[in-house]
Number of protein chains: 2
Amino acid sequence: MDTLKQRLARITHLNQAAAVLEWDQETYMPEGGAEARSQQVATLRSMAHELLIDDETARLLEAAQPDSASDSDLVRIVSRDVQKARKVPSSLIAEMAEASGRAKGAWQKARSGNDFPVFAPHLERIFDLCIQHAEALGYEDQPYDALLDQYEEGATTKQVAAVFDDVKKDLVPFVEAIGQAKPLCEGPVHREYPEADQWTFGMEMAERIGYDLKHGRQDRSAHPFSTSFSISDVRITTRLEKRFFNPAFFGTLHEAGHAMYEQGIDPSLEGTPLADGTSLGMHESQSRMWENLVGRSRAFWEFAFPTAQSTFPGALSDVSLDQFYQAINAVMPSTIRVEADEVTYNLHIMLRFELEQEMIAGRVAVKDLPAAWNDRMESWLGVRPENDAEGVLQDIHWSLGAIGYFPTYALGNLMSVQLFDAARKDLPDLDEQIRGGQFSNLLGWLRTHVHQWGRRRTANEILGASTGEGLAAGPWMDYVREKFGAIYGL
Amino acid sequence: MDTLKQRLARITHLNQAAAVLEWDQETYMPEGGAEARSQQVATLRSMAHELLIDDETARLLEAAQPDSASDSDLVRIVSRDVQKARKVPSSLIAEMAEASGRAKGAWQKARSGNDFPVFAPHLERIFDLCIQHAEALGYEDQPYDALLDQYEEGATTKQVAAVFDDVKKDLVPFVEAIGQAKPLCEGPVHREYPEADQWTFGMEMAERIGYDLKHGRQDRSAHPFSTSFSISDVRITTRLEKRFFNPAFFGTLHEAGHAMYEQGIDPSLEGTPLADGTSLGMHESQSRMWENLVGRSRAFWEFAFPTAQSTFPGALSDVSLDQFYQAINAVMPSTIRVEADEVTYNLHIMLRFELEQEMIAGRVAVKDLPAAWNDRMESWLGVRPENDAEGVLQDIHWSLGAIGYFPTYALGNLMSVQLFDAARKDLPDLDEQIRGGQFSNLLGWLRTHVHQWGRRRTANEILGASTGEGLAAGPWMDYVREKFGAIYGL
């Protein structure tokens, strides 16, 4: 086991180093450093990959004699990683890297010029390579399974599609009903919020919910993210808008939620590939729980609003708790995913999930994608993009070859409520605790049931063990109906 | 050549990545991240070392068919690196790493408790291992040659000792004469300098002398340094003292001088081990030139003083240019190297150089080191440390195993004047240019004669080609005598 672990530590250190370099690129790197930086990251990632698929690694895994449950999991899960990695020819990886490099440039051009045909041939190539990738990986039922599995291990297209359909049939009419209700006033969040005070307030609350700043920190970046350099160094970034409270504050809670997951992994997994979130969906469940289920709850603001008022007297002295609570929860169907509210967000995801599958299955051609996008957007959300830049060209993900990635966002929303409900069963006075600014029991529950396991348990296993059921649409839909029904008087 | 270059690029990228991780450790890393970070850096450095000494690298170097002067240099110099690296058994490297890890802890304890005996056995072990290291590397004349060569390739103990003796015989009486002259008033640099304004002023001047911020940036750290992640990303750090102008400002010029060297390397050397300063002495010549020969000159302040006055009206509105010029050039023999002025600094270095050699040769025992240190300090500088924490325990370097490193500081001072004199021959109105805030011709001269070469030419070769002579004491001594003779009226 020792030789194996040393080898896995090297692989882990190479990937962690790459993460530091990528973090620096987004936060502090001078613009002239980009070209050399991308080569450095490529070298680190390539060397990690080569070590993983090396024959010696396979030999050590086969010969390993684990004498603990944790070591057994390590051998089992890394063996699976190796098998998958070895299935994909390096020529395909290189082709994908080259194609996505070009596609990204074409996408930027297409979006800024609102010119889908510029991007179309690149997108065709990306989908083509993704199908090849799926064939190389193999699947039981359909190619999309293999793509989804890269981001959400163990999830199947059928399972996800069934759950999403469940959500959609109730959510579309619910969104319509909200659209007919009296709109809420968003005004209070669009006042003047001095940037330095936003920073302080966000960090104070992030620390309060349990983000450990001895093992983390926040910096600025154009696109907020969280990243882990080790279990003991997990960072977040934020962006600040002077006249908009939400992006920095809820962004900080969101990223802190991701970071607290990684900070809570069992330290004995450090230096192994298991010291990571088990899936993107489970990761998103943690960020969304702190951002929405806690951070956008009335209980939270009963605790936090007095501090907010004293931090932002100019913006909030004449605003009531109720007015503020409504402002941060206003539902407003929009064509842009990243601006979507808690209720409509999942519809943006489901749209992408369906179109990805139809593309993979050849039922929608690339040239017909913009119309398909716009029609579905209009029928589900009641809004139609004015142009493709606001429609099918809005996301970078497809240009990067990330097909099968989007659904994890919605899975995270669904799981967050299932886990929160389970936590509430174990902590019957959870709302009271939140109202009192006490978050340690909730965090402790998450540590026990989710965080500590790292990749030792899949998302489905974690859900099963902690909620007694599998992924389901009902809890999230109930939560949305109850919360927003009350807010909108439906 | 291509396969060789790809391999060398990997080695380079691993070392560059390690540099990013070390920079982050000193600037932004949360305290809890230290343990994992040191393991990550160790992995990157080990993998770079293993690739360098790998048989395949040696084979590729032998088989290489360079078709340009630059490629010939690459093969020649890297072959020499490989030969040296392969001479040192990895067991010795591991022993040194372990011993210096312990010695560093013991040194910290000894210094804070002013208790040399706590450090003594560790220092003995370090010197013992350094002698083994020298024997493994081999040398022509004496073991110290091999140690010195690690930092100052091509320099010999004899050459350095002869030059240092030349300096010492004139410098000691000159320092004594200054001690008997009327002291200058340092007051103006010890007033209130708001930190944000120090930052702005320092960066303005760093950019003005030619530090390229599209390919660099400054951050804060406890101990200022410069570091290169590629030719296109070379960074510096500084520290700020509210009531002391010198550390941040001259520190920034110093580090910018180092950084401009690395920024000026021929871009075609990127991704090779030649994209680095050729020696620590040559590196220091660049930092000291901008810090002292430019930054502490009267010509520079004729240009910069009006800006300084308007940036720091509180501190400087009632100070004249002459008073300021004297304040930044006050000579004050002290026991502490890092606080030493331009005149006395070299004596601190020569003291360490002599003692290192005497230790290696067994002429001074570790237990007698404190007394030897204090006696020499008193006889050369006229000051005697009150205790060992201010004497032999003041520097971290020996605990890290860096024997042969100190002399490069003084070599840098000497070379800086030799190069500056040569530049002035080519740019007869150099002082006038500096007085007008024009630094691009000086920087251009340094780019041509020093920077662009990277490691393609040794320090001795650069000196020879640009000054027509080898390392010499005279120019520096003449410079000091002229500048400080005028200031002190000697």
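Biologist: Against which helices of chain A do the buried residues of H19(A) pack?

Modeller: The model is a predicted one. Helix H19 of chain A spans residues 440–449, and its buried residues are A:Leu442, A:Trp445 and A:Leu446. These residues lie on the same side of H19(A), because they cover an arc of only 95 degrees around the axis. The helices of chain A against which they pack are H11 (280–294), H17 (407–426) and H18 (430–435).

Biologist: How is chain A divided into domains, and how far apart do the C-alpha centres of domain 1 and domain 2 lie?

Modeller: Domain 1 of chain A comprises residues 1–86, and domain 2 comprises residues 88–490. The distance between their C-alpha centres is 26 Å.

Biologist: Which helix gives the largest share of the side of domain 1 of chain A that touches domain 2?

Modeller: The contact takes 19 residues from domain 1 of chain A and 18 residues from domain 2. On the domain 1 side, the elements that give two or more residues are helix H1 (2–27) and helix H4 (69–87) of chain A. By class, that side divides into ten nonpolar, four polar and five charged residues. The largest share, eleven residues, comes from H1(A).

Biologist: Turning to the two chains, which element gives the largest share of the side of chain B that touches chain A?

Modeller: In this interface, 29 residues of chain B are in contact with 29 residues of chain A. The elements of chain B that give two or more residues to its side are helix H1 (2–27), helix H2 (34–53) and strand E2 (226–230). The largest share is seven residues, and the element that supplies them is H1(B).

Biologist: How many residues on that side of chain B are nonpolar, polar and charged?

Modeller: The side in question is the one that chain B presents to chain A, where 29 residues of chain B make contact. Its residues divide into ten nonpolar, eleven polar and eight charged.

Biologist: Within chain B, at what angle do H15(B) and H16(B) pack?

Modeller: H15(B) covers residues 345–360 and H16(B) residues 369–381, and their axes are 11 Å apart. The crossing of H15(B) past H16(B) is right-handed. The packing angle is about 145 degrees.

Biologist: Which residues of H16(B) meet H15(B), and how many residues of the contact are charged?

Modeller: H15(B) brings B:Leu347, B:Leu351 and B:Leu355 to the contact, where they meet B:Leu369, B:Ala372, B:Trp373, B:Arg376, B:Met377, B:Trp380 and B:Leu381 of H16(B). By class, the contact has nine nonpolar residues and no polar ones, and the number of charged residues is one.

Biologist: How many residues of H7(B) are buried, and which helices do they pack against?

Modeller: Helix H7 of chain B, residues 143–151, is mostly covered, with seven of its nine residues buried. Among them are B:Tyr144, B:Leu147 and B:Leu148. The buried residues pack against H6 (116–137), H8 (157–180), H15 and H17 (407–426) of chain B.

Biologist: Is B:Pro66 buried, exposed or partly exposed?

Modeller: B:Pro66 is found in the loop between helix H3 (55–63) and helix H4 (69–87) of chain B. Leaving aside neighbours within four places in sequence, B:Pro66 is in contact with B:Met1, B:Asp71, B:Ser72, B:Leu74 and B:Val75. Because B:Pro66 has 14 C-beta neighbours inside 10 Å, this residue counts as partly exposed.

Terms used: Residues are numbered from 1 along each chain as its sequence is written. Chains are lettered from A and ligands numbered from 1 in the order in which they are written. This is a predicted model: local features need pLDDT of at least 70, side-chain atom pairs count only at pLDDT 80 or more; totals for chains, interfaces and linings use all residues. Two residues are in contact if their C-beta atoms, placed from the backbone, lie within 7 Å. Helices (H or I, at least four residues) and strands (E, at least two) are DSSP runs, numbered from the N terminus. Ala, Val, Leu, Ile, Met, Phe, Trp, Tyr, Cys and Pro count as nonpolar, Asp, Glu, Lys and Arg as charged, and the others, Gly among them, as polar. Axes are lines fitted to C-alpha atoms, for helices over the stretch in contact, and angles run from 0 to 180 degrees between N-to-C directions. A crossing is left-handed if the near helix is turned anticlockwise from the far one by less than a right angle, and right-handed if clockwise. Domain bounds come from an automatic or database domain assignment. A residue is buried if 20 or more other C-beta atoms lie within 10 Å of its own, exposed if 12 or fewer, and partly exposed in between; C-beta atoms are placed from the backbone. The arc is that of the directions from the helix axis to the C-beta atoms.
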